[in-house]
Amino acid sequence: MVAVDQKELAALKEAVRTHLSEHRYEHCLRVSDYAVKLAKQNGLDEKQAAVAGLVHDYAKERTAAEFLAKIDEKHLPTSLKKWGNPIWHGVVGAEFVHDELKIDDPAILEAIRLHTTGAGHNDMTTLDKVVFMADYLETGRHFPGVEEARRITDESLNQGVFYQLAHTLSYLAGKEHVIYPKTFDAYNDWAEYLSK
């Protein structure tokens, strides 16, 4: 549980706003709101979901040099260096949230780490799934299939996670992009789990 009153939340919003473009900040507000919606539906602490949603993209607009320096500073796996912002802003971004925003709730930090990659069904908490899906489904999203994804997620958070993993892999493969191995592993794990 994380106790955040409205005054603290307002201060946190200002801190996030100073590091993001208006477009990205507005996205974070919508993700926070959607995370609260999903938290209510899934019996999760709403304040924790609100904070995790708000800060999930805190590091999104950092430079490659900043991410590479943070990987070294925190002794993260050097294999991370070959990826880029789409992976870094979650996996490495949690370190910026911890160091600069002084958020030390391990559940929030892990939800930030996993929001870009997903993880296997045993490796994602309800909060992880809520932030993962809120980022995908927030009300500013208008991609083909988003309404179906919202409906599926309202019915089952687990099915929503699998939907997102499947469609993200399909999208990336269609664009002939390199795919982060942990996302492949997550998809396979969920596919096996949900087929039982």
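This is a predicted model: local features need pLDDT of at least 70, side-chain atom pairs count only at pLDDT 80 or more; totals for chains, interfaces and linings use all residues.
Residues are numbered from 1 along each chain as its sequence is written, and side-chain values use heavy atoms, leaving out hydrogens and water.

Trp190 sits in helix 11 along with Tyr193, 3 residues away, about one turn of the helix (helices are DSSP runs of H or I, at least four residues, numbered from the N terminus).

## Aromatic pairs

How many aromatic pairs does the count come to? There are 6 by the rule used here. Take Phe162 and Tyr187: their ring centres are 5.3 Å apart and their planes lie at 20°, so this pair is stacked. It links distant parts of the chain, with Phe162 in helix 10 and Tyr187 in helix 11, 25 residues apart. Tyr187 is itself partly exposed, at 26% relative accessible area. Trp190 and Tyr193 meet at another angle: with ring centres 5.9 Å apart and planes at 80°, the pair is edge-to-face. For Phe, Tyr and Trp (its six-membered ring), a pair needs centres within 6.5 Å; planes under 30 degrees apart are stacked, over 60 edge-to-face, the rest tilted.

Elsewhere, Phe67, Trp88 and Phe96 are joined by ring pairs into a cluster.

## Helix 8, wrapped up

Is helix 8 largely enclosed or largely open? Since 11 of its 12 residues are buried, helix 8 is largely enclosed by the rest of the structure. The buried set takes in Leu127, Val130, Val131, Phe132, Met133, Ala134, Tyr136 and Leu137, and also Asp128, Lys129 and Asp135. These buried residues of helix 8 pack (heavy atoms within 4.5 Å) against helix 2, helix 3, helix 7, helix 9, helix 10 and helix 11.

At 1.5 Å a residue, the 12 residues of helix 8 should span 16 Å, and the end C-alpha atoms are 16 Å apart, which agrees; the expected span is 1.5 Å times one less than the number of residues.

Gln48 is one of the buried residues of helix 3, and so are Ala49, Ala50, Val51, Ala52, Gly53, Leu54 and Val55.

Which helices do the covering? For the buried residues of helix 3, the cover includes helix 1 (6-17), helix 2, helix 6 (93-101), helix 7 (106-114) and helix 8. Helix 3 also shows up among the elements that the buried residues of helix 8 pack against.

## A residue on helix 9

Glu148 lies in helix 9, which runs over residues 146-155. Is Glu148 buried or partly exposed? At 39% relative accessibility, Glu148 counts as partly exposed. Between Glu148 and Ala111 there are 37 residues of separation in sequence and 24 Å in space, taken C-alpha to C-alpha.

Key:
Buried means under 20% relative accessible area, exposed over 50%, partly exposed in between (1.4 Å probe, protein chains only). Helices (H or I, at least four residues) and strands (E, at least two) are DSSP runs, numbered from the N terminus.
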